[in-house]
Amino acid sequence: MNFTDSEIWFIIISLGIGTFVIRFSFLGAFGQINLPPYALRLLRYTPVAVMPGMVAPLILWPAGTGGETDAARIVGAFVAIALGVYFKNTLAAIFGGGITLYLMLFLLG
Amino acid sequence: MSTSTPRPPFWYGFRTGLPFVFAALPFGMLFGIVATEAGFDIFQVMSMTIIVIAGAAQFTALAQMQDNAPIVIVLAASLAVNMRMAMYSASLAPYLKGAALWKRAAIAYGLVDFTYAVGITKFEERTDWTVADRLWFYLGCAIPGFIFWYSFTFLGAWFGQSIPPAFALDFAPAIVFLSIVAPMLKSTAHVAAALTSVVLAIALAFMPFSSGLMIAAVVAMLVGAEIERRQLEPAK
């Protein structure tokens, strides 16, 4: 890495300011505007529209294996989804998925 | 001078936020380790983690810096990863209307994937809550994860030693985010939006700086909203 100390600080501070501006955008300046019903309906789907797409490449091409598809991780992921959908409980899904992942890693050695 | 009872929503939020320490712990520790190995000193590691507080974007910045990308590209790539937070911000705003500006600024500072996911779920569910209740809930929900995120980044940077890859800690965030989303898949429209997001994100994974994910998310939102609209209309 070829960055001077001041360049590193510049990156840290710019990234901090930029990220805050993104987060504050609607909560701050535009927050008091009444959004039309169609916009609100769209926004209801934000979490299910963003997170699955964010996670899918991590499952298919995990960083821990250098991007190689890994059966243990895929099975762990599906167990987490199944438990989450069935029990509607995040903690159950995390533990179930995590235990499955470790069991699979152990079994597939 | 809050007249509503602050404590119950705060502790309810605290309990609801507790599971996310399992995401913050490995993610924070990994960031501390990777950033130290990349050449950050501990003061820089902690400054980034406290000022930026966005794991995925921080890892993106590090990866670009290790490739010696120009500073503009480092910033553009990491901020693109964070663009989803504009959608989060817009989605929470209607629930926090009327809160003081500094309180909304504090909410914005703490707006990460898990606080958003937990917050929006409960705000939709608890229609009886006042804005003050929502603020207390959000604060309680953020605290455990944030404390773990800061302290384990510090431990990772301090010890700087690698955790054996056999522990598969890289995969902890994936499991945690799936576990947040899965309970939200409660209607055809939600399932369709999630599937659209997955298929497009994978198909567009070749696009630079997470731009494929942004497209996937926008299309998935349109799909979900359109299905909901069609399901509601015949009922009228």
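First, the ground rules. Residues are numbered from 1 along each chain as its sequence is written, while chains are lettered from A and ligands numbered from 1 in the order in which they are written. Because this is a predicted model, local features need pLDDT of at least 70 and side-chain atom pairs count only at pLDDT 80 or more, while totals for chains, interfaces and linings use all residues.

Let's start with confidence. The model scores ipTM 0.79 and pTM 0.70. Then there is pLDDT, the predictor's confidence in each residue, from 0 to 100. Chain A averages 87, and 94% of its residues score at least 70. Chain B has a mean of 86, with 90% of its residues at 70 or more. Within chain A, helix α1 (residues 5-24) has the highest confidence, at 95. Helix α2 (residues 37-44) of chain A has the lowest, at a mean of 79.

Now chain A. It has five helices and zero strands. Both kinds of element are DSSP runs numbered from the N terminus: helices are H or I over at least four residues, strands are E over at least two. Why call chain A spread out? Its radius of gyration is 20 Å, well over the 13 Å that the globule rule gives for 109 residues, so chain A is more spread out than a compact globule. That radius is taken over C-alpha atoms, and the rule is 2.2 Å times the number of residues to the power 0.38. Along the principal axes, the C-alpha atoms of chain A fill a box of roughly 55 × 50 × 20 Å.

How much of chain A is buried? The figure is 44% of its 109 residues. Buried means 20 or more other C-beta atoms within 10 Å of the residue's own; exposed means 12 or fewer; partly exposed is in between; the C-beta atoms are placed from the backbone. Next, contacts, meaning C-beta atoms, placed from the backbone, within 7 Å. In chain A, of the contacts between residues at least 6 apart in sequence, 34% join residues at least 24 apart.

K88(A) is partly exposed, with 14 other C-beta atoms within 10 Å.

On to chain B. Here we have twelve helices and zero strands. Of its 236 residues, 50% count as buried. Among contacts in chain B with a separation of 6 or more, 76% come from residues 24 or more positions apart.

Take helix α2 (residues 21-38) of chain B. Its 18 residues should span 26 Å at 1.5 Å a residue, and the end C-alpha atoms are 25 Å apart, which agrees. The expected span is 1.5 Å times one less than the number of residues. The helix is mostly covered, with 14 of its 18 residues buried. G39(B) follows α2(B), with a positive phi near 115°.

Chain B also has a loop residue with positive phi. I53(B) lies between α3 (42-51) and α4 (55-66). Its phi is near 40°, and I53(B) is not a glycine. I53(B) is buried, with 21 other C-beta atoms within 10 Å.

So where do the chains meet? The contact takes 80 residues from chain B and 65 residues from chain A. The chain B side divides into 60 nonpolar, 13 polar and seven charged residues. Nonpolar covers Ala, Val, Leu, Ile, Met, Phe, Trp, Tyr, Cys and Pro; charged covers Asp, Glu, Lys and Arg; the others, Gly among them, are polar.

Which residues touch the most other members of the largest nonpolar core? They are A80(A), I175(B) and L178(B), in a core of 107 residues. Such a core is a set of buried Ala, Val, Leu, Ile, Met, Phe, Trp, Tyr and Cys residues joined through C-beta atoms within 7 Å. Helix α9 (residues 131-159) of chain B gives the most to this core, twelve residues. Beyond its neighbours within four places in sequence, L178(B) contacts chain A residues including V55(A), A77(A), A80(A) and I81(A).

Last stop: E228(B), in helix α12 (residues 211-232) of chain B. With 20 C-beta neighbours inside 10 Å, E228(B) counts as buried. Leaving out residues up to four places away in sequence, E228(B) touches R41(A) and A189(B).

Terms used: Two residues are in contact if their C-beta atoms, placed from the backbone, lie within 7 Å.
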